[in-house]
Amino acid sequence: MLAMVAFGLWVGRDQKDLAGYLLGGRDMPWWSILGSIVATETSTATFLSVPGIAFAVDGDMRFLQLGMGLVIGRLIVAVVLVPLFRRGEIFSAYEILNTRFGGASKRFASLLFLVTRNLGDGLRLFLAGIALEKVLSVDLVSCIVILGVFTIIYTFFGGIKAVIWSDCIQLVVYMVGGVLSLMILVRYFPGGWQQLVEFGQETGRFHVFDFRVRSTETFSVLTEPFTFWSGVIGGAVLTLGTHGTDQMIVQRYLAARSTVDARRAVVASGVVVLIQFALFLLLGVALACFYSQIHPRAFEHNDEVFAAFIVDYLPVGLVGLTLAAVFAAAMSTLSSSLNSSASAAVSDFYQPWLLARRNGSADKGAEEKSSDDEMSGNLLGVSRKLTIAFGLIQIAIGIGASYLSSSVISDALAIAGFTAGILLGVFLLGILTNSAHQRGALIGMVSGMIVLTAIKFGTSVAWPWLAIIGSVTTFTAGYLASRLIPAGQRADN
């Protein structure tokens with residue numbers, strides 16, 4: 001963590017304007033963006049929980065079907081959405097909504113992103129703090145503060161450059177940690193890899209595809225999260241939302257040197273994530289073999305098994321490396337969250353307000369991008385202050401989560417995940433229709449949130465379907481509202 005802070009200070013030594021701080025001067029190589037995308041979407045929960053899916057009593061590798069959907073979704077993002085973001089000199093994904101619908105739609109979408117992103121990542125900081133607490137035997141609040149403060153510092157000084165390059169380093173660290181853990185596990189098996197393969201085949205843990213459709217007393221395609229249909233279709237639509245409308249990912253496209261580089265990065269990231277899922281799931285199979293045949297032990301929660309193995313059985317040096325991998329996964333997500341939140345807040349709220357105040361007219365300042373040195377310096381300073389502010393908010397959420405039950409935390413994370421489908425729906429409304437207007441877009445987004453909340457807490461529909469439901473509801477409600485309700489006066493900014 002000290003190395004990350006020093007790295008942030010070094011990278012940020014020449015940050016002089018907003019484009020450099022938030023977009024790396026729009027000059028980042030495609031492979032660095034690839035690494036940053038993968039590391040950003042891999043949290044501590046992913047690193048520790050995915051092995052638990054294959055470790056479970058009825059566990060298998062059907063989760064890989066979701067990874068296949070993620071690849072398909074990224075191909076569509078690369079072809080359809082990346083070129084839209086690369087037009088002009090925008091800083092935020094939601095500036096496109098300002099052009100199509102007006103300022104209110106942009107601000108509502110950006111606010112939805114800010115609220116759900118900081119809520120979700122504050123809770124992820126809490127989960128990472130739990131892992132640190134178990135290892136260091138330090139109280140949970142101190143662990144949350146330590147992780148949060150170190151991430152704030154290197155993000156504050158280094159901006160998006162520090163975030164992207166740190167993400168690449170952290171990706172290598174946790175992938176190496178995963179590979180080495182798997183190799184150590186296999187060395188415990190008298191039969192080596194052959195024993196692992198036989199165990200996986202005998203227990204059905206290498207089962208990947210589930211093409212079931214017909215409902216039975218114990219199965220429904222709408223309630224089972226790991227079928228081919230929910231994985232590929234739901235995963236593709238989910239990715240259209242997370243990688244096509246989320247500022248945290250879109251910011252990386254804007255930092256690329258060209259549209260071709262941005263497309264290459266997002267498509268290749270899908271392949272890397274699929275490989276990463278396969279590695280983590282194979283780790284889960286190996287852990288199941290280890291704790292059933294080598295050192296039998298039962299666990300109350302499946303997502304605890306990998307952390308337990310790290311602490312109890314890895315050699316001292318590898319324990320340090322693997323724990324560094326756990327915290328690297330946490331810090332990569334948090335640093336990206338802080339920088340993208342600052343970017344959205346400045347571009348979608350503060351800069352339009354400042355331009356309107358300087359020019360004396362909201363309409364006049366709506367589409368302008370001032371190149372004035374004073375303006376640029378002001379925006380850079382505000383971006384850094386907002387990085388601190390959002391970091392403190394996430395720390396506060398993480399500490400507050402320590403007083404809540406696990407079910408409340410799970411529900412809050414689910415709500416934070418609603419954003420992908422809703423924002424995808426409103427983006428599609430703007431892209432695919434000519435008649436939709438701002439009032440309709442706002443009604444669509446509110447309708448999407450209401451319907452998703454009702455389905456999440458009132459039904460047992462599996463989570464991969466929520467992005468589809470959210471996007472379809474938002475699009476349909478927005479389109480119908482636009483046809484039935486007058487457009488009213490458009491207000492940009």
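Modeller: Contact here means heavy atoms within 4.5 Å, and a helix is a DSSP run of H or I with at least four residues, numbered from the N terminus, as strands (E, at least two) are. This is a predicted model, in which local features need pLDDT of at least 70 and side-chain atom pairs pLDDT 80 or more, whereas totals for chains, interfaces and linings use all residues. Residues are numbered from 1 along each chain as its sequence is written, and side-chain values use heavy atoms, with hydrogens and water left out.

Helix H20 spans residues 466-484 and reaches 27 Å from its first C-alpha to its last. Its buried residues (under 20% relative accessible area; exposed is over 50%, partly exposed in between; 1.4 Å probe, protein chains only) include Leu466, Ile468, Gly470, Thr474, Ala477 and Ala481. The partners against which the buried residues of H20 pack are helix H10 (228-242), helix H18 (419-432) and helix H19 (438-458).

Rings of Phe, Tyr and Trp (its six-membered ring) pair when their centres lie within 6.5 Å; planes under 30 degrees apart are stacked, over 60 edge-to-face, and the rest tilted. Across the whole structure, 24 such pairs are found. One of them, Phe211 with Phe228, is tilted, with 4.8 Å between centres and 40° between planes. Phe211 belongs to the loop between helix H9 (192-203) and H10, and Phe228 to helix H10, so this pair ties together parts that are 17 residues apart in sequence.

In another pair, the ring centres of Phe309 and Tyr313 are 5.8 Å apart and the planes lie at 25°, so these rings are stacked. Both residues lie in helix H13 (residues 305-313), four residues apart, about one turn of the helix. Phe309 is buried, with a relative accessible area of 0%, whereas Tyr313 is partly exposed, at 24%.

Ring pairs place Phe309 and Tyr313 in a cluster with Phe55, Tyr188, Phe290, Tyr291 and Phe299. Leaving aside neighbours within four places in sequence, Tyr291 contacts Phe55, Phe299, Phe309 and Tyr313, and also Pro296, Arg297, Val305 and Ala308.

Arg212 lies over the face of Phe219, 3.9 Å from the ring centre. The charged end of Arg384 sits over the ring of Phe156, at 5.7 Å from its centre.

Notes:
Expected span 1.5 Å × (residues − 1). Lys NZ or Arg CZ within 6 Å of the ring centre and 35° of its normal.
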